[in-house]
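User: Hi! Could you walk me through this protein with some questions and answers?

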Amino acid sequence: MITNKGIAANFKLLAQLMELYGDDSFKIKSYNNASRTIEKLPVELSSLQEEKIFSIVGIGKAIGNKILEQFETGSFRVLNEYIEKTPHGILEMLRIKGLGPKKIATIWNDLEIESIGELLYACNENRLMLYKGFGEKTQNNIREAIEFYLANQGSFLFAEIEQYALSFDNYLKKSFPDYTFLLTGAFRRNAITIDVLEWLTNTPQNIIEQIIEANEFVLKENTDAFIHVKTQANLSIHFIQSPKEKIVNEYFSHNCSEAFYESFIEKFPDVKTKNYSSEEEIFSENKLQFVPAYLRENKKWIDVAEQNALPTLIETKDIKGIIHSHSKWSDGGSPLRELAEYVKQQGFEYLVISDHSQSAFYAQGLSPERIVEQHKEIDELNISLAPFKIFKSIESDILNDGNLDYEEAVLKSFDLVIASVHSNLKMNEEKAMQRLLKAIENPYTTILGHPTGRLLLSRAGYPVNHQKLIDACAANKVVIELNANPHRLDIDWHWIDYALGKDALISINPDAHSLKGVHDIRFGVLAAQKAGVTAKQNLSSSGLNEFELFIQQKK
């Protein structure tokens, strides 16, 4: 039987949804009053006669009948109708502290945002501040509330927990030097999202219990071989028991994907029975180049290592220029001069400024007149900052028909164009591919930005045929962006191997909307390493002279 608490919650949700849709204000007020009244009742409504329910001040016959409906049917028809027509992500927003129906209506209708993850991304891009009722303080409060909410869902971006994982690993090793703790699993393979942190250990149960108590962990499961706890932030941690003589073998197996490990054991069965002192020994004894854990997703690297042919993979220090960045000309957090000076101070040779195009009204996209003004500023800065150089670019919206967001005369004024989809994301594969392929074939498109529009842990992105997409980019000499923002990491690294096989060029770009965002290139590099990318296969590894030559050839 439904309780007072459940009935009150139903009326409150109904009032919120009606307000979201701008419906009858009198009914909204009535349902809110009923919700508050029911919450404070000293007795359960289910214990009262029908007439008694109708006589309660603040309820009456109309609302009383809706209460009886919930008792008799276990359902609430009018509420269900509202729920059915409202996207799940919008319903979820109602759980975020500081977000009422009016603000959510603006977010949904004006920004076309339908999930919490998209809203967090919009906060990070300063997009809320462009709308009435959303100042900087409100935007920051919403960002913090969303981050708190998402942390309690149990899955995390690699970037969100990396510092905690390394810090806790250091704590374990320093505090308990007599025992072995090996951080392993998905984290060691630099997985882009993490559900659990895993440590292999030979530590006795009583010591693990001390660790749990000292860190205020919540114990979820405890066996002789395995202990599962959760942190106060709802992150799962596993302590996996292993005898000291077997711990390296276990470490190796946990640092491999299932497919990689099975192929390895099939080829080198002795690895399962022999004990080793290090992972390096496992490879050397089997006459293989050492394969780093982040490459142990794809079994092809076993054969490559046998041939002593592992490539020298890209590193963060190989990135020579910052491609794809936003300034206060659109929705970035810093003036162009400040951004350029910062990028120069970090040792980079150039900056590609790619503010949003005119259709991106939500991000103060640049009209043709403002483009002329921005280009004038760039020319002036290039004189004062030389030999450092700012390149004139735009992140041009791919419109619904696949065209770019400006006339040819405007597109000609840029050194390069990043073409991206930002609107009408609810497409089937046929429509998505029509838009993308037409944009790729546009002679002014230099780079295809975040090809699927995904946001990790919150938005899957529109469906695409990756092979056709990559084939088209290769045929039209269009560079494929690996958007390094840890919320995107798009194109997915699993498809980069196919792209490299087609001689398509990748570009690791931060899509920076702040000075701090420039350093997101590192997360793009980690994803690229998983795909086996070298510096030569990445556009943003080009030095200034090489990059200028690339621009000239494209034109």
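User: Which residues form one aromatic cluster?

Analyst: Happy to start there, with a word on the model. It is predicted, so local features need pLDDT of at least 70 and side-chain atom pairs count only at pLDDT 80 or more, while totals for chains, interfaces and linings use all residues. Residues are numbered from 1 along each chain as its sequence is written, and side-chain values use heavy atoms, with hydrogens and water left out. Rings of Phe, Tyr and Trp (its six-membered ring) pair if their centres lie within 6.5 Å; planes under 30 degrees apart count as stacked, over 60 as edge-to-face and the rest as tilted. One cluster is formed by Tyr 164, Phe 168, Tyr 171, Phe 176, Phe 181, Trp 199, Phe 217 and Phe 239.

User: How many helices and strands are there in the protein?

Analyst: Helices (H or I, at least four residues) and strands (E, at least two) are DSSP runs, numbered from the N terminus. The C-alpha trace spans about 85 × 70 × 45 Å along its principal axes. The protein has 23 helices and 14 strands.

User: What percentage of the residues is buried?

Analyst: Buried means under 20% relative accessible area, exposed means over 50%, and partly exposed is in between (1.4 Å probe, protein chains only). The protein has 555 residues, and the buried share of them is 54%.

User: How many aromatic pairs does the structure hold, and how far apart are the ring centres of Tyr 21 and Tyr 82?

Analyst: The structure holds 25 aromatic pairs. In one of them, Tyr 21 and Tyr 82 are tilted, with 55° between the planes. This pair links distant parts of the chain, 61 residues apart: Tyr 21 is in the loop between helix H1 (4-20) and helix H2 (25-40), and Tyr 82 is in helix H5 (residues 77-84). From centre to centre, the Tyr 21 and Tyr 82 rings are 5.8 Å apart.

User: Is Tyr 21 buried or partly exposed, and which charged residue sits over its ring?

Analyst: Tyr 21 has 27% relative accessibility, so it counts as partly exposed. A charge sits over a ring if NZ of Lys or CZ of Arg is within 6 Å of the ring centre and within 35 degrees of the ring normal. The charged end that sits over the Tyr 21 ring, 4.4 Å from its centre, belongs to Lys 85.

User: Where is Glu 198, and which side chain of opposite charge is nearest to it?

Analyst: Glu 198 belongs to strand E4 (residues 196-201). For charges, Lys and Arg count as positive and Asp and Glu as negative, while His and the chain ends are not counted. A salt bridge is a side-chain nitrogen of Lys or Arg within 4 Å of a carboxyl oxygen of Asp or Glu. Glu 198 is buried yet has no salt bridge, and the nearest side chain of opposite charge, 6.2 Å away, is Arg 189.

User: Which residues are linked in a network of salt bridges with Arg 127?

Analyst: Arg 127 and Asp 331 meet in a salt bridge at 3.2 Å, N to O. Asp 331 counts as buried because its relative accessibility is 2%, and Arg 127 is buried with a relative accessible area of 11%. The network links Arg 127 with Glu 125 and Asp 331.

User: How many disulfides does the structure hold?

Analyst: A disulfide is a covalent bond between the sulfur atoms of two cysteines. Here the cut-off is a pair of cysteine sulfur atoms within 2.5 Å. Cys 123 counts as buried at 0% relative accessibility, and Cys 473 counts as buried at 1%. The number of disulfides is 0.
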